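Subject: A structure to look through

Dear colleague,

I am passing on a structure that I would like you to read alongside my notes.

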Amino acid sequence: MALCIYCGERSGLLAKICADCKKLLARVNELKGKVGYGEFLDGLAETGVPKEKIILFLKADPEGKGSVQDQVTAEMTSELMQVMGLKGSQSAGNVKGIRESIDKEKK
Ligand SMILES: [Zn+2]
């Protein structure tokens, strides 16, 4: 019997990933980049896989590229940074515009 590379449970004869983790992995790919972290966790819970197993799955790092959780968080964070970067530059422009209009009024 092989063991699941994510949760460490028996995954069947030749499978590297058990049925539950396969389900979770498919869900991760569906949700990744589309929802916030809370909705992401809810989406995983909807698969019917026990919470303890979801946690094991999220913390697993079978490829040495960072855990599933880290990968998802990194993706969400970089998106957030992009959004904030965009808003940041806009508001910097706004601030400049406001400052200039104040200056004009003073003159
Ligand atoms: Zn598994």
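A nonpolar core is a set of buried Ala, Val, Leu, Ile, Met, Phe, Trp, Tyr and Cys residues joined through side-chain atoms within 4.5 Å, where buried means under 20% relative accessible area, exposed means over 50%, and partly exposed lies in between (1.4 Å probe, protein chains only). Please keep in mind that this is a predicted model, in which local features need pLDDT of at least 70 and side-chain atom pairs count only at pLDDT 80 or more, while totals for chains, interfaces and linings use all residues. Residues are numbered from 1 along each chain as its sequence is written, and side-chain values use heavy atoms, with hydrogens and water left out.

To begin with the overall layout, the protein chain has four helices and two strands, taken as DSSP runs numbered from the N terminus (helices are H or I with at least four residues, strands are E with at least two). Along the sequence these elements follow the pattern β-β-α-α-α-α. Of the 107 residues of the protein chain, 25% count as buried.

The largest nonpolar core has 20 residues, and those with the most contacts inside it are Tyr6, Cys21, Phe40 and Phe57. At least two residues of this core come from each of α1 (19-31), α2 (37-45), α3 (51-59) and α4 (68-106), and α1 gives the most, with four residues.

Leaving out residues up to four places away in sequence, Tyr6 touches Ile17, Cys21, Leu25, Leu56, Phe57, Ala60, Pro62 and Val68, a contact being heavy atoms within 4.5 Å.

Next come the aromatic pairs, for which rings of Phe, Tyr and Trp (its six-membered ring) must have their centres within 6.5 Å; planes under 30 degrees apart count as stacked, over 60 as edge-to-face and the rest as tilted. By this rule the count comes to two aromatic pairs. Tyr6 and Phe57 form a tilted pair, with 4.9 Å from centre to centre and 40° between the planes. Because Tyr6 lies in the loop between β1 (2-3) and β2 (10-12) and Phe57 lies in helix α3, this pair ties together parts that are 51 residues apart in sequence. The rings of Tyr37 and Phe40 have their centres 5.9 Å apart and their planes at 20°, so that pair is stacked. Both of these residues lie in helix α2, three residues apart, which is about one turn of the helix. Tyr37 is partly exposed at 27%, whereas Phe40 is buried at 0%.

Which residues of α2 are buried? They are Phe40, Gly43 and Leu44, and because they cover an arc of only 100° around the axis (taken from the directions from the helix axis to the C-beta atoms), they sit on the same side of α2. Glu39 and Asp42, on the other side of α2, are exposed.

Finally, there is a zinc ion, whose protein donors are Cys4 (SG), Cys7 (SG), Cys18 (SG) and Cys21 (SG), lying 2.3 Å from it. Donors are N, O and S atoms within 2.8 Å of the metal (3.2 Å for Na, K and Ca), and water is not among the atoms, so sites may look incomplete. The four donor atoms subtend angles of 106 to 115°, which makes the arrangement tetrahedral, a label given to four donors if all angles lie between 85 and 135 degrees. Along the chain the donors follow the spacing C-x2-C-x10-C-x2-C.

With best wishes

How values were computed:
Tetrahedral: all angles 85-135°; square planar, octahedral: opposite > 155°, others 65-115°.
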